[in-house]
Amino acid sequence: MKIKGHILGLKILYIAEITGKGGVFCIKKLLPDLKKDLAVDFTIAGCEGTTGGFGIGKTHAVYLKKLGIDVLIAGEKVFFKKDMVDYIPKAPFLLRPANYPPNVPGRGYRIYEAGEYKIGVLTLLGNSGFNRIYLNNPFYYLPDFADKIKKETNIIIFDFHAATTAEKKAMIYHAEGKVSAIIGSHTKVMTADEKILPKGTAAITDAGRTGSQTSVGGLEPQIEIKKFLSQIPERSRDCWDNLELQGVLIDVDPETGKAITIERIRKSCVAEKEECMTGEL
């Protein structure tokens with residue numbers, strides 16, 4: 001089969017960071033039909049803002065898995081919820097940055113199955129812009145991790161969780177030819193620079209976020225503004241306005257591991273706040 005002149009390969013849906021209960025509701029309401037309509041073979045999602053915008057708890061991790069997400073990826077906030085320290089070693093579908101020290105619970109990359117094919121999923125944390133955590137140099141580790149994964153599969157989806165555009169851009173070109181796709185995350189603002197690099201690597205600087213688009217990273221704006229004005233800590237609150245599921249759909253040649261297409265995905269999620277507040281969210 002061909003789509004717009006391209007051979008139809010393995011379709012991988014990457015869902016941008018799920019932020020707050022509104023983001024979880026987007027997954028619950030939209031994901032089943034989206035996977036069907038796009039003929040998705042495998043689904044990956046950023047999840048570190050799921051529980052109140054800061055980290056992800058065990059309950060949310062289990063629930064998102066039940067909703068049909070194959071792999072959940074968390075960044076520097078992966079251990080913000082205490083139950084994750086004990087739970088992550090028992091959850092092969094949940095990844096934390098691979099450049100953590102070796103004794104830290106969890107894994108930073110794994111090989112998964114999608115029908116008859118194997119998919120390697122890798123996540124690394126950038127160095128710039130993080131004041132609470134500073135991990136090993138991701139540029140140094142990427143080639144080694146990519147080589148290890150390629151012993152089992154040519155298909156590698158690389159999530160680069162970084163705070164600055166400059167570091168993400170540098171990593172995109174460093175990753176060219178080493179992975180099938182590099183997807184930037186963390187800043188929660190979708191960029192419009194998706195492309196296929198000459199060596200067959202799909203890339204986008206940031207995939208955006210899933211949740212409220214009329215918000216500060218998925219959180220209620222007035223509270224975040226107040227914190228900037230007063231410098232006094234205050235509990236953030238989920239924002240429900242203008243819900244949207246964002247991400248990218250990547251079509252990969254399953255034999256060579258090279259990307260065929262990359263397409264930005266934006267789907268509105270209409271719901272009353274009372275509807276969102278009910279159920280297992």
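## A right-handed unit around strand 11

A crossover is called right-handed if, with the strands pointing away from the viewer, the path from the first strand over the helix to the second runs clockwise. Strand 10, helix 5 (residues 165-175) and strand 11 make a β-α-β unit of this right-handed kind, where helices (H or I, at least four residues) and strands (E, at least two) are DSSP runs numbered from the N terminus. The model is predicted, so local features need pLDDT of at least 70 and side-chain atom pairs count only at pLDDT 80 or more, while totals for chains, interfaces and linings use all residues. Residues are numbered from 1 along each chain as its sequence is written, and side-chain values use heavy atoms, with hydrogens and water left out.

Strand 10 (residues 156-161) and strand 11 run parallel and are joined by 5 bridges; two strands are said to pair if DSSP finds at least two bridges between them. Ile-157 stands opposite Ala-181 in strand 11, and Phe-160 has Gly-184 of strand 11 as its bridge partner. Strand 11 also pairs in the parallel sense with strand 13 (residues 202-204), over 3 bridges, and here Ala-181 stands opposite Ala-202.

## The open sheet and its enclosed strand

These pairings belong to an open sheet of 6 strands, which has the order 8-9-10-11-13-12 and mixed pairing. Its edge strands are strand 8 (109-114) and strand 12 (195-196), each of which pairs on one side only.

How many of the residues of strand 11 are buried? In strand 11 (residues 181-185), 5 of the 5 residues are buried, so the strand is largely enclosed by the rest of the structure; buried means under 20% relative accessible area, exposed over 50%, and partly exposed in between (1.4 Å probe, protein chains only). Both faces of strand 11 are covered, with Ala-181, Ile-183 and Ser-185 buried on one side and Ile-182 and Gly-184 buried on the other.

Strand 5 (residues 42-46) has 5 of its 5 residues buried, so strand 5 is largely enclosed by the rest of the structure. Phe-42, Ile-44 and Gly-46 point one way from strand 5, Thr-43 and Ala-45 point the other way, and all are buried.

Strand 3 (residues 10-15) pairs with strand 5 in the parallel sense over 4 bridges, with Leu-13 opposite Thr-43. Strand 5 and strand 6 (residues 71-73) likewise pair in the parallel sense, over 3 bridges, and the bridge partner of Ala-45 in strand 6 is Leu-72. From strand 5 the chain crosses through helix 2 (residues 58-66) to strand 6, and this β-α-β crossover is right-handed.

## Two residues with positive phi

Most residues other than glycine have a negative phi. Ala-39, although not a glycine, has a positive phi of about 55°; Ala-39 lies in the loop between helix 1 (20-37) and strand 5 and is partly exposed, with a relative accessible area of 47%.

His-186, again not a glycine, has a positive phi of about 105°. His-186 is found in the loop between strand 11 and strand 12, and with a relative accessible area of 15% His-186 is buried.

## Cysteines

How many disulfides does the count come to? A disulfide is a covalent bond between the sulfur atoms of two cysteines, taken here as a pair of cysteine sulfur atoms within 2.5 Å, and by this rule the count comes to 0. Cys-26 is in no disulfide, and the nearest cysteine sulfur, that of Cys-269, is 4.0 Å away. For Cys-47, also in no disulfide, the nearest cysteine sulfur is that of Cys-26, 16 Å away. Cys-26 is buried, with a relative accessible area of 0%, and Cys-47 counts as buried at 0% relative accessibility.

## The protein as a whole

The secondary structure of the protein comes to 7 helices and 16 strands. The radius of gyration is 18 Å, close to the 19 Å that the globule rule gives for 281 residues, so the protein is as compact as a globular protein of that length; the radius is taken over C-alpha atoms, and the rule is 2.2 Å times the number of residues to the power 0.38. Taken along the principal axes, the C-alpha atoms fill a box of roughly 50 × 40 × 35 Å.

Of the 281 residues, 55% count as buried. Among contacts (heavy atoms within 4.5 Å) with a separation of 6 or more, residues 24 or more positions apart account for 65%.
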